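User: I am new to this structure and would like to go through it with you. Could you bring it up?

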Amino acid sequence: MADINVRASRGPSVGEDSAPPDAEPVWDLIELLFFAYRDFVSDPDGVLETYGFGRAHHRVLHFVNRNPGMKVAELLDILKITKQSLGRVLKQLIDEGFIEQKEGAIDRRQRLLFATPKGAQLAYSLAGLQEARLGRALAEVGPGAHDAARRFLTAVLDHDGRDDVLRLIERAERFRRDQPHPEPQR
């Protein structure tokens, strides 16, 4: 599954004027984002490989674990992928007991997704690896780093989808505050 297979940004496309003609792109930030993402997602790669999973499995497991009972349609919208791309990954996670799918209580056509205890444990283990990297980075930057990083990353998001992302994060945070979760194995 590709990282993104639809154009999610409503920003200027290639060739459109978004800066003065003599201005250089902010190459350092562009490249730092590429390398930071590369390293951030590579931490869990070795663990995922032992299960025969890839980064697409990680993304699906992450969001299902953080949002128990989410609809398949919601997951498609979050990941900005096709139903076909999600289908293969989701089937493998279900078949191997990491995610379970249930019918909606009111609308039986709905497919609601839940991480199994095995899936939640893997999700927490992967998040633990990434949290350790982020923790080291935030400590290196110093006081106020978390808030500054959050403001910066929020500002990078497309403006028209920003509120939806922040609501999703807050909803998952509220749920987790009220629910026990497994301790990550490191």
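User: Is lysine 80 buried, partly exposed or exposed, and why?
Analyst: This is a predicted model. In it, lysine 80 counts as partly exposed because its relative accessibility is 33%, and that class lies between the limits of 20% and 50%.

User: Where does lysine 80 lie?
Analyst: Lysine 80 lies in the loop that joins α3 (72-79) to α4 (83-95).

User: What about the phi of lysine 80?
Analyst: Lysine 80 has a positive phi of about 55°, although it is not a glycine. Most residues other than glycine have a negative phi.

User: Changing topic: at what angle do helix α2 and helix α5 pack?
Analyst: Helix α2 (residues 55-66) packs against helix α5 (residues 117-141) at an angle of about 105°, and their axes are 9 Å apart. The two helices are therefore roughly perpendicular, since angles of 65 to 115 degrees fall in that class.

User: Which residues make the contact?
Analyst: From α2, the contact involves His58, Leu61 and Asn65. From α5, it involves Gly119, Ala120, Leu122, Ala123, Tyr124, Leu126 and Gln130. Of the contact residues, six are nonpolar, four are polar and none is charged.

User: And overall, how many helices and strands does the protein have?
Analyst: There are seven helices and three strands, and along the sequence they follow the pattern α-α-β-α-α-β-β-α-α-α.

User: What share of the residues is buried?
Analyst: Buried residues make up 25% of the 186 residues in the protein. The accessible surface comes to about 12,800 Å², with 57% of it belonging to carbon and sulfur atoms.

Terms used: Residues numbered from 1 in each chain as written. Predicted model: local features only at pLDDT ≥ 70, side-chain atom pairs only at ≥ 80, totals over all residues. Heavy atoms only, no water. Helix = DSSP H or I, 4+ residues; strand = E, 2+ residues; numbered from the N terminus. Buried < 20%, exposed > 50% of the residue type's maximum accessible area, 1.4 Å probe, protein only. Axes fitted to C-alpha atoms, helices over the stretch in contact; angles between N-to-C directions. Parallel < 35°, antiparallel > 145°, perpendicular 65-115°, else oblique. Contact = heavy atoms within 4.5 Å. Nonpolar A, V, L, I, M, F, W, Y, C, P; charged D, E, K, R; others polar. Areas by Shrake-Rupley, 256 points an atom, 1.4 Å probe, with all protein chains shown as cover.
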